[in-house]
Amino acid sequence: MRFPKPSTSLPRWAVATAALASSTLLSGCFWLDGPQSTFDPNGPVAKAQLDLFYVTCWVTLVIFVLVGSALAYAMIKFRARSDADAHAEPPEQHHGNPLVEVSLIAASVFSLVVIAIPTLRGVWYSYDVPEAERADAYEVTATGYQWWFKFDYPNEKAQTPDATGKLVSADLTTGSELVIPAGRPVHVNLRTVDVIHSFWIPKLAGKVDMVPNRGNSLWFKADKPGYFWGQCAEFCGESHAVMRFRVIALGPREFNDWLNSQMAPARRVAPDPEGGAAKAQFAEYRVFRRNEAGYTDRFDASPLNAWRAQQLPGKDEDRALIAKGRELFVSKTCASCHTVRGVEGAVGVQGPELTHVGARTTIAGGLLENNRDELHRWIHAPNEVKPGNKMWMNGYLANSIKLTTADEDALIAFLESLK
Ligand code: CUA
């Protein structure tokens, strides 16, 4: 059989190189300090995981170079130099070479051992907080829901008013944003209420699955204060790709301040004592394209500062509107799925806890920035933002919730007031 003459081989090489380079670039491998890059570790666990990646990478690179060179050598040295060469009888065939075979087996075993030792060490290390630091570890529980994360602080006690208005203790829970002390190990219990999710903070640690009826856990430490992106890393349904969360690591004093503000019941903005209806209506809401990104540049510039700014109440709050939103929150049945400590009847646990939602930087499971336009985008048409979500299916559709623009204005003002 005759092979066609290889045509111009150089351009083909060039095309292959360009294809490889562009696919690497497009896949984000070179965006090394992006918000979800594992090449920019911010704590010891992520660092250990990256080191392990490099060990594997170097070992396989050495194998690639050795095997590739042998292949290239054979291809060039024994290529057909003429037509006669191409049709020559094959050389005498040998069956095996014990020395070569045994050395290759030994080399393979050696490579695997070189990878296995740090791998096992890494598995042990990431499994639990090291003995020496265990007493200092901060405990939280993360629970996966389709499609958002709930965070419980089992060793903290929040406050909520009982029927008589007396403050009694309650669980401290947040949604979509996990605030932790920087410089301290954090031990996270991983739970799920529905399907398998996976907990991953690329710059800090991961990934460990959240499996029904099984208690998993992981630990990590943020070396210094920072704002980190998290993501569900296990396909868990139609909106898996937008099941996100944030981790905010704070210094000891700031973390303590945050805990204290979270423990308080929902902020209550009383209507203006002089009465009067809602003031000027909001300007038009922005209209978003489907799948348009939910973040402004303000975030990318300094997310931690954006988070800090978010803790403070707005300057021109519309008291009447907020009071109306508070009533609508109950009458439109939002309260049957969302807890707001201090709003009577708001004790639902199907959706995220909203007692201090106004102080979070994200809504809708970490997908959208927490601002007026995005809040409107979310409560106006949840299904367009996050297909199949429970607020739409079990809330809006099941309870036939209809919101006028005035209702939306009031609800948004109320949610934003919950600092
Ligand atoms: Cu939860 Cu993917």
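**Group meeting: a walk through a predicted chain**

Hello everyone, let me start with a helix. The buried residues of H9 are Arg372, Glu374, Leu375, His376, Arg377, Trp378 and Ile379; buried here means under 20% relative accessible area, exposed over 50%, and partly exposed in between, using a 1.4 Å probe and protein chains only. Helices (H or I, at least four residues) and strands (E, at least two) are DSSP runs, numbered from the N terminus.

Before going on, a word on the model. It is predicted, so local features need pLDDT of at least 70 and side-chain atom pairs count only at pLDDT 80 or more, while totals for chains, interfaces and linings use all residues. Residues are numbered from 1 along each chain as its sequence is written, and side-chain values use heavy atoms, with hydrogens and water left out.

Back to H9, then. Why is H9 described as largely enclosed by the rest of the structure? Seven of the nine residues in this helix, which covers 372-380, are buried. What do those buried residues pack against? Their partners are strand S11 (362-363), strand S12 (368-369), helix H10 (382-385), helix H11 (390-397) and helix H12 (405-417), where contact means heavy atoms within 4.5 Å.

Staying with H11 and H12 for a moment, the loop between these two helices holds Ser400. Ser400 is not a glycine, yet its phi is positive, at about 45°.

Now let's zoom out. The protein chain contains twelve helices and twelve strands. Its radius of gyration is 29 Å, whereas a compact globule of 419 residues would have one near 22 Å; the radius is taken over C-alpha atoms, and the globule rule is 2.2 Å times the number of residues to the power 0.38. The C-alpha trace spans about 105 × 50 × 35 Å along its principal axes. Of the 419 residues, 40% are buried. Take the contacts between residues at least 6 apart in sequence: 69% of them join residues at least 24 apart.

On charge, we have 43 positive and 45 negative side chains, and the centres of the two sets lie 2 Å apart. Lys and Arg count as positive and Asp and Glu as negative, with His and the chain ends not counted; each charge is placed at NZ of Lys, CZ of Arg, CG of Asp or CD of Glu.

On to the interior. A nonpolar core is a set of buried Ala, Val, Leu, Ile, Met, Phe, Trp, Tyr and Cys residues joined through side-chain atoms within 4.5 Å. The largest one has 46 residues, and Tyr153, Leu178, Val188, Phe199 and Phe220 have the most contacts inside it. Strand S10, residues 244-250, gives the most to this core, with five residues. There is also a second, separate core of 31 residues, which includes Ile322, Val340, Ala346 and Ala364.

Let me pick out Phe220. Where is Phe220 found? The answer is strand S8, residues 216-220. Phe220 counts as buried, at 0% relative accessibility.

Setting aside neighbours within four places in sequence, Tyr125 is in contact with Pro44, Val45, Ala48, Pro130 and Trp219. The C-alpha atoms of Tyr125 and Trp219 are separated by 9.4 Å, although the two residues are 94 apart along the chain. Tyr125 is partly exposed, with a relative accessible area of 30%.

Finally, some backbone details. Most residues other than glycine have a negative phi, and most peptide bonds are trans. Which residues does a cis peptide bond join, with omega about 0°? They are Gln146 and Trp147, and Trp147 sits in the loop between strand S1 (138-145) and strand S2 (148-161). Gln146 is also among the contacts of Asp194, together with Gly144, Tyr145, Pro212 and Lys390, neighbours within four places aside. Asp194 itself lies in the loop between strand S5 (186-192) and strand S6 (197-201) and is partly exposed, at 22% relative accessibility.

A further cis bond runs from Gly206 to Lys207, with omega near -15°; Lys207 is in strand S7, residues 205-210. And Ser176, in the loop between strand S3 (167-175) and strand S4 (177-181), has a positive phi near 70°. Is Ser176 buried or exposed? Ser176 is buried, with a relative accessible area of 4%.

Thanks, everyone!
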